[in-house]
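Here is a colleague's note to read alongside the structure, written as numbered points. Please keep the sequence and the 3D view open while you go through them.

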Amino acid sequence: MSTRAQQYAADVVAREQVTPHLVRLVLDVPGFVSTGIPDEWVGLVVPGQFQSRYYTVRSIVPSTGSGQGARLVLDVVVHEVGLVTEWALGDPVGQQVTITEPKGSFLPPVDAGWLLLVGDLTALPAMARIAVEHGGALPTRIVAEVPTDSRVEDYFTDGVEVTWLPTDGESRLAEVVESLDFPEGPGYFWMAGESAQMRAIRKHLMRERKLPSTHYDVMGYWRSVAQRQPRAVDPGPIWRAGKAAGKSDEEIWADYDAAQEATR
Ligand SMILES: Cc1cc2nc3c(=O)[nH]c(=O)nc-3n(C[C@H](O)[C@H](O)[C@H](O)COP(=O)(O)OP(=O)(O)OC[C@H]3O[C@@H](n4cnc5c(N)ncnc54)[C@H](O)[C@@H]3O)c2cc1C
């Protein structure tokens, strides 16, 4: 028996620049079978490449052509440089790509009385599809952190509460979630975005909010490798200056912390 994951050949039939940072692609995928899970994602392999990148199936309709299959809509974030980014910024219509077997992770517990969805630009497609498929059944709040020029007012279905947070490029979602008021009673918290932010959120949900792991799903969708490392600060001169000024050890270490903070 083959253990190879199912793959599909897909035709790119349309491309739309939704915002400067978001490109919508429509793919016809013969034979595609959805998981039915609203945050389902596929691996996308673009022509001339063998590595895949993951994209959420924002919406899906059965193909209009002959035979079985589906028409998938993917919303691709285009950022400074990237394998799929550069391809999507070109003219992909008419090209054939490979799609890997879909997978999904959204699984609210049966006692969930509300949904809270938080994410950055890469999470918009999943939050939109979750809102369409579950927003009618459960009170749903969405918090979306996007650059101001990528706010799409009608991106989400009516009837869900949406808060748009502007960003200058650096995500502050960890801070945002720490200060959010969660609704009363059991619910389901779903979140996706930059990996370091997601690690911080998981700790917060476990340690401070004490949410059971069945009641949240937090996924790192991409990794920022551009974070600046703080410059090393030499403690020697700070120590000598502190001693000369008659400061206590605590005061000197506080000066050292402040000097390090100033380099970030
Ligand atoms: C389950 C899942 C679902 C996802 N769904 C979507 C989706 O629907 N839409 C979507 O756009 N993305 C989605 N992503 C994220 C996407 O897979 C990554 O952002 C991917 O790295 C983009 O590939 P690329 O070829 O453009 O850049 P890469 O070649 O992978 O990376 C090149 C450089 O760009 C940086 N980079 C990567 N992504 C970003 C970003 N978003 N913003 C700024 N810098 C970045 C990297 O750190 C790297 O330095 C999803 C990820 C997962 C795991």
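This is a predicted model: local features need pLDDT of at least 70, side-chain atom pairs count only at pLDDT 80 or more; totals for chains, interfaces and linings use all residues.

1. Two residues are said to be in contact if their C-beta atoms, placed from the backbone, lie within 7 Å. With that in mind, among contacts in the chain between residues at least 6 apart in sequence, 66% join residues at least 24 apart.

2. Residues are numbered from 1 along each chain as its sequence is written.

3. As for the chain overall, its C-alpha atoms fill a box of roughly 85 × 45 × 45 Å, taken along the principal axes. The chain has six helices and twelve strands, where helices (H or I, at least four residues) and strands (E, at least two) are DSSP runs, numbered from the N terminus. Of the 264 residues, 31% count as buried; a residue is buried if 20 or more other C-beta atoms lie within 10 Å of its own, exposed if 12 or fewer, and partly exposed in between, with C-beta atoms placed from the backbone.

4. In what order do the seven strands of the open sheet lie? The order is β4-β3-β7-β1-β2-β6-β5, and the pairing is antiparallel, two strands being paired if DSSP finds at least two bridges between them. The edge strands, each of which pairs on one side only, are β4 (53-56) and β5 (59-62). From one strand to the next the twist averages 35°, with axes taken as lines fitted to C-alpha atoms, for helices over the stretch in contact, and angles running from 0 to 180 degrees between N-to-C directions.

5. Strand β1 (residues 7-19) can be followed to both of its partners. With strand β7 (residues 96-100) β1 pairs in the antiparallel sense over five bridges, and here Ala-9 stands opposite Thr-98. Seven bridges join β1 to strand β2 (residues 22-30), also antiparallel, with Asp-11 opposite Asp-28, and the hairpin between β1 and β2 passes through two residues.

6. Which residues come nearest to the ligand, of the 22 around it? They are Thr-56, Val-77, Gly-82, Thr-85 and Trp-222, a residue being near a molecule or strand if its C-beta atom, placed from the backbone, lies within 6 Å of it. The elements giving two or more residues to this shell are β4, β6, α1 (83-89) and β12 (216-222), and β4 gives the most, with four residues. At least three residues come from each of domain 1 (7-100) and domain 2 (115-222), whose bounds come from an automatic or database domain assignment.

7. Tyr-54 is found in strand β4, and it counts as partly exposed because it has 15 C-beta neighbours inside 10 Å. Leaving aside neighbours within four places in sequence, Tyr-54 is in contact with Trp-41 and Gly-43.

8. Finally, is helix α5 (residues 235-244) largely buried or in the open? The number of buried residues among its ten is zero, so α5 lies largely in the open. The helix is followed by Gly-246, whose phi is positive, near 75°.
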